[in-house]
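Reader: Hi, I'm new to this one and would like to go through it slowly. Could you show me the structure before we start?
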Amino acid sequence: MENSQDLNNIEGDGDGRKSSATSSPGSFAGSVADILLWKRWHISFGVIVVATVAWVLLEWTGLPFLTICSDVLLILIVLLFFLANYAALRNKQPPALPELVVSEEMVNNAAASIRVKINNVLLMAHDITLGKDFRIFFKVVVFLWLLSVLGSTVSFFTVAYIGTLVAFIVPVLYGKYGGFVDKCCGMIHKQFSRHYE
């Protein structure tokens, strides 16, 4: 009995529980990759449809984002309320709702991950503002200027919609025509290198 508890402490995270932090990010990344590469085509298609409907609602109707979100939540709550009361009147089981619980371990893992990324960004911002690396400073200035120009011509939701479409189209096309793209990019790189010399 004591040996099995010691084995759990060795395999787990020190308090007898097995750590699931190593398996969960890989499986999440794998499922996201499957969706982006259209291996789960019904989910990929659903994401594109939802993004298109959201973009049409936000851009063409002119309704504010907060109004649409509150209206959708209001409709969902009223529908669930009526379904639950209708089921109670007919002596049926009310519709089962998933119990959404955020575990402490998940919050701690997310906070640790976010803390590391924020510290890296702050360190990079510190180096940029002090002018330690002129190339990064120049890249950031050009990127922010381009973002400003893009933001003055196109709305945020249009950029987000285009980004969603690109995220779902480019990986599939690259997977299919990757060799041809790499060959063309290699030829272009050689031409630029030759002109640069």
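Predicted model: local features only at pLDDT ≥ 70, side-chain atom pairs only at ≥ 80, totals over all residues.

Reader: OK, so how many residues does helix α5 have, and how far does it reach?
Author: Helix α5, which covers residues 104–130, has 27 residues and reaches 38 Å from its first C-alpha to its last, close to the 39 Å expected at 1.5 Å a residue. The helix is followed by Gly131, whose phi is positive, near 75°.

Reader: And what about α4, what is its reach?
Author: Helix α4, residues 65–89, has 25 residues and spans 36 Å between its first and last C-alpha, close to the expected 36 Å. After α4 comes Asn91, with a positive phi near 55°.

Reader: Switching topic: at what angle do α3 and α7 pack?
Author: Helix α3 (residues 41–60) and helix α7 (residues 156–196) pack at about 165°, with their axes 10 Å apart. Angles over 145 degrees count as roughly antiparallel, and α3 and α7 are therefore roughly antiparallel to each other. Their crossing is left-handed.

Reader: Which residues meet there?
Author: From α3, the residues include Val47, Ala51, Trp55 and Leu58, and among those they meet in α7 are Phe157, Tyr161, Leu165 and Phe168. By class, the contact of α3 with α7 has 9 nonpolar, 4 polar and 1 charged residues.

Reader: What does Trp55 touch, leaving out its close sequence neighbours?
Author: Not counting residues up to four places away in sequence, Trp55 touches Trp60, Phe157, Thr158 and Tyr161. The C-alpha atoms of Trp55 and Val159 are separated by 10.0 Å, although these residues are 104 apart along the chain.

Terms used. Residues numbered from 1 in each chain as written. Heavy atoms only, no water. Helix = DSSP H or I, 4+ residues; strand = E, 2+ residues; numbered from the N terminus. Expected span 1.5 Å × (residues − 1). Axes fitted to C-alpha atoms, helices over the stretch in contact; angles between N-to-C directions. Parallel < 35°, antiparallel > 145°, perpendicular 65-115°, else oblique. Left-handed = near helix turned anticlockwise from the far one by under 90°. Contact = heavy atoms within 4.5 Å. Nonpolar A, V, L, I, M, F, W, Y, C, P; charged D, E, K, R; others polar.
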